[in-house]
Amino acid sequence: MNVEQYENILLDKRKKIIVGVAGSRRRDSRKDFDLLDSYVISLRRKALKADADLEFVSGGCPVGADHFIKELCKIYALPLIEHLPKEVEKHAQYYTRVQA
């Protein structure tokens, strides 16, 4: 079974396409944004053709793919669920990395 067949089986059961977005903070260029934009457009077409809802999920990082999908969801009026980290102490490694 290939990926497209698997996607179609899931889509038939749920009528919803849920896409998790994750990436690297280093992938923060205009080219990276455009690649994700193209993918979102193709998913919107697929969802429309299948009469399915389209929803995105991200971790809410302020740079890279999480930031891009937040902007794209605003542009295309698509739902986005962000799973932000719980309160992080300012000296924690995560906070330091994200604020950089």
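Lys16 counts as partly exposed, at 32% relative accessibility; this class lies between buried, under 20% relative accessible area, and exposed, over 50%, as computed with a 1.4 Å probe on protein chains only. The model is predicted, and local features need pLDDT of at least 70, side-chain atom pairs count only at pLDDT 80 or more, and totals for chains, interfaces and linings use all residues. Residues are numbered from 1 along each chain as its sequence is written, and side-chain values use heavy atoms, with hydrogens and water left out.

The side chain of Lys16 meets that of Glu55 in a salt bridge of 3.4 Å, N to O. A salt bridge is defined as a side-chain nitrogen of Lys or Arg within 4 Å of a carboxyl oxygen of Asp or Glu. This pair links distant parts of the chain, since Lys16 belongs to strand E1 (residues 16-20) and Glu55 to strand E2, 39 residues apart. Strands (E, at least two residues) and helices (H or I, at least four) are DSSP runs, numbered from the N terminus. In contrast to the partly exposed Lys16, Glu55 is buried, at 14% relative accessibility.

A search of the whole structure finds five salt bridges, including two further pairs described here. One of them joins the side chains of Asp32 and Arg27 at 2.8 Å, N to O. Asp32 lies in helix H2 (residues 30-49) and is buried, with a relative accessible area of 12%, whereas Arg27 is partly exposed at 48%. The two side chains also make a polar contact (2.8 Å). A polar contact is a pair of N or O atoms within 3.5 Å; within protein, one atom must be able to donate a hydrogen and the other to accept it, and residues adjacent in sequence count only if both atoms are side-chain atoms. When residues up to four places away in sequence are not counted, Asp32 touches Arg27 and Phe68, contact meaning heavy atoms within 4.5 Å.

The other pair is formed by the side chains of Arg30 and Asp34, at 3.1 Å, N to O. Both residues lie in helix H2, four residues apart, which is about one turn of the helix. Arg30 is exposed, with a relative accessible area of 59%, while Asp34 is partly exposed at 31%.

Phe68 is also one of the buried residues of helix H3, together with Ala65, Asp66, Ile69, Leu72 and Cys73. These residues are on the same side of H3, because they cover an arc of only 155° around the axis; the arc is that of the directions from the helix axis to the C-beta atoms. They pack against H2, strand E2 (53-58) and strand E3 (80-82). The face turned away from the buried side carries the exposed residues Lys74 and Ile75.

The length of H3 (residues 65-76) was compared with expectation. At 1.5 Å a residue, its twelve residues should span 16 Å, and the end C-alpha atoms are 16 Å apart, which agrees. The expected span is 1.5 Å times one less than the number of residues in the helix. H3 is followed by Ala77, whose phi is positive, near 55°.

The cysteines were also examined. A disulfide is a covalent bond between the sulfur atoms of two cysteines. The structure holds zero disulfides, the criterion being a pair of cysteine sulfur atoms within 2.5 Å. Cys61 is buried, with a relative accessible area of 9%, and Cys73 is buried at 5%.
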